[in-house]
Amino acid sequence: MVIGSERHESRRIDNQLRGRGGRQGDPGETQFYVSTEDDLMRIFQGERIASLMDRLGVDDDTPIRTRAVSKTLEAAQKRVEGYNFDTRKNVVQYDNVINRHRRVVYVMRRRILEGDNIKPEIERLLRAKVHELTTLPSKNNPKFVEDFPVIFPVDK
């Protein structure tokens, strides 16, 4: 018998607990107890369910065993899982960008340590950046194109 004191944000965790209720064909049972004040319920429609229970005059100790509440909890879990997935996806994308930058820096560092002359590479990067900045001037400074060469005197 597994007794859950709340539903987890992830359905996978709940299903793992259900699996522990009975293993290898053994009989077992799982029971979850959820309060309208639990995080998952509080964030997703817990107040609505609590006010409905108040209007119906249901006692706080009376268990609610309706499919609608279970569906609401499952929908909330799906939304949280989707949000967490998107967050992890963004972190991976940012990590990929950082890794590409790290590789460029370490290649340049290795060349410097080996005594290579990287001045032409630095000048090429500066020229490319200057061209990029002067092609698309800042919207906040209408005199950006005129001001930039004064601040950063670079040969054409």
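Q: Which residue forms a salt bridge with Arg-11?

A: Keep in mind that this is a predicted model. The general idea is that side chains of opposite charge can pair when their charged atoms come close. Here the partner is Glu-81, and the closest N and O atoms of the pair are 2.7 Å apart. The two sit 70 residues apart, with Glu-81 in helix H4 and Arg-11 in helix H1 (residues 11–21), so this pair links distant parts of the chain.

Q: How many salt bridges turn up in the whole structure?

A: A search finds five. One of them joins Arg-7 to Asp-14, with the closest N and O atoms 2.9 Å apart. Another joins Asp-116 to Arg-111, at 3.8 Å between the closest N and O atoms.

Q: Is Asp-14 buried or exposed?

A: Look at relative accessible area: under 20% means buried. Asp-14 has 1%, so it counts as buried. Asp-116, by contrast, is partly exposed at 36%, and Arg-111 is partly exposed at 29%.

Q: Which residues does Gln-77 touch?

A: Leaving out residues up to four places away in sequence, its contacts include Arg-7, Arg-11 and Asp-14, along with Leu-40. Gln-77 belongs to helix H4 (residues 67–113) and is buried, because its relative accessibility is 0%.

Q: What about the surface: which residues form a nonpolar patch?

A: That would be Val-150, Ile-151, Phe-152 and Val-154, with about 410 Å² of accessible area together. Phe-152 lies in the segment after helix H6 (144–151) and is partly exposed at 47%.

Terms used. Residues are numbered from 1 along each chain as its sequence is written. This is a predicted model: local features need pLDDT of at least 70, side-chain atom pairs count only at pLDDT 80 or more; totals for chains, interfaces and linings use all residues. Side-chain values use heavy atoms; hydrogens and water are left out. Patches are made of residues with over 30% relative accessible area and no salt bridge: like charges are joined within 9 Å, nonpolar side chains (Val, Leu, Ile, Met, Phe, Trp, Tyr) within 5 Å. Accessible areas come from the Shrake-Rupley method with a 1.4 Å probe; for residues, only the protein chains shown count as cover. A salt bridge is a side-chain nitrogen of Lys or Arg within 4 Å of a carboxyl oxygen of Asp or Glu. Helices (H or I, at least four residues) and strands (E, at least two) are DSSP runs, numbered from the N terminus. Buried means under 20% relative accessible area, exposed over 50%, partly exposed in between (1.4 Å probe, protein chains only). Contact means heavy atoms within 4.5 Å.
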